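Work through these exercises with the structure open beside you. Try each task before you read its solution.

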Amino acid sequence: MDIFQIVAIGIVGGILAVMLKKENPTIAIMVTLAVAVLIFLLLMPPLAGLIGLIAQITGHLSSGQEYVLVVVQIIGIAYVAEFGSQICNDAGEGSIAAKIELAGKVLIMGVAAPIIISLVEQVVAIIPA
């Protein structure tokens with residue numbers, strides 16, 4: 001699946017949703033959601049390949065493997081939160097979209113906390129007392 005096919009699916013789905021929005025807004029939202037899920041599913045094989053590549057690179061590292069895992073988790077949280085937020089925005093639910101974005105940011109901070117703590121400890125250890 002290349003980008004041209006994904007863009008074509010998006011354009012056709014978008015046009016269909018716009019046409020249906022006047023007659024039946026509920027169906028238009030469902031079309032938008034279905035297209036978004038279809039595009040997400042089409043991206044799963046390349047995403048799995050990227051995760052495999054990151055795992056392979058991490059296997060060659062002698063140290064810092066836990067940091068790579070945290071970075072991958074952060075990227076995953078960001079993508080999923082953005083995806084959910086955009087779907088809610090498309091459905092006209094900006095308030096829910098904002099809450100999804102906030103949840104993503106909070107979860108990212110939670111996942112990143114051990115790295116931030118480690119970094120602060122290393123900086124404190126370098127600075128003379």
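**Exercise 1.** How are α3 and α4 oriented to each other, roughly parallel or roughly antiparallel?

*Solution.* Note that this is a predicted model.
Step 1. Find α4, the helix of residues 65-90.
Step 2. Take the axes. Those of α3 and α4 come within 9 Å and cross at roughly 165 degrees.
Step 3. Apply the cut-off. Angles over 145 degrees count as roughly antiparallel.
Step 4. Conclude. The two helices, α3 and α4, are therefore roughly antiparallel to each other.
Step 5. The crossing in which α3 passes α4 is right-handed.

**Exercise 2.** Which elements give two or more residues to the nonpolar patch on the surface?

*Solution.* 
Step 1. List the members. The patch is formed by Met30, Leu33, Val37, Leu41, Met44, Leu47, Leu50, Ile51, Leu53 and Ile57. Together they have about 870 Å² of accessible area.
Step 2. Assign them. The elements with two or more residues in the patch are α2 (25-42) and α3 (44-60).
Step 3. The most comes from α3, which gives six residues.
Step 4. Check one member. Met44 lies in helix α3. Its relative accessible area is 37%, so Met44 is partly exposed.

**Exercise 3.** Is Glu121 buried or exposed?

*Solution.* 
Step 1. Locate the residue. Glu121 is in helix α5, residues 94-126.
Step 2. Recall the cut-off. Exposed means over 50% relative accessible area.
Step 3. Compare. Glu121 has 53% relative accessibility, so Glu121 counts as exposed.
Step 4. Look along the chain. Glu121 and Gly10 are 111 residues apart, and their C-alpha atoms are separated by 47 Å.

**Exercise 4.** How many residues apart in sequence are Ile29 and Met109, and what is their C-alpha to C-alpha distance?

*Solution.* 
Step 1. Classify Ile29. With a relative accessible area of 38%, Ile29 is partly exposed.
Step 2. Ile29 and Met109 are 80 residues apart in sequence. From C-alpha to C-alpha, Ile29 and Met109 are 32 Å apart.

Conventions:
Residues are numbered from 1 along each chain as its sequence is written. This is a predicted model: local features need pLDDT of at least 70, side-chain atom pairs count only at pLDDT 80 or more; totals for chains, interfaces and linings use all residues. Side-chain values use heavy atoms; hydrogens and water are left out. Patches are made of residues with over 30% relative accessible area and no salt bridge: like charges are joined within 9 Å, nonpolar side chains (Val, Leu, Ile, Met, Phe, Trp, Tyr) within 5 Å. Accessible areas come from the Shrake-Rupley method with a 1.4 Å probe; for residues, only the protein chains shown count as cover. A salt bridge is a side-chain nitrogen of Lys or Arg within 4 Å of a carboxyl oxygen of Asp or Glu. Helices (H or I, at least four residues) and strands (E, at least two) are DSSP runs, numbered from the N terminus. Buried means under 20% relative accessible area, exposed over 50%, partly exposed in between (1.4 Å probe, protein chains only). Axes are lines fitted to C-alpha atoms, for helices over the stretch in contact, and angles run from 0 to 180 degrees between N-to-C directions. Angles under 35 degrees count as roughly parallel, over 145 as roughly antiparallel, 65 to 115 as roughly perpendicular and the rest as oblique. A crossing is left-handed if the near helix is turned anticlockwise from the far one by less than a right angle, and right-handed if clockwise.
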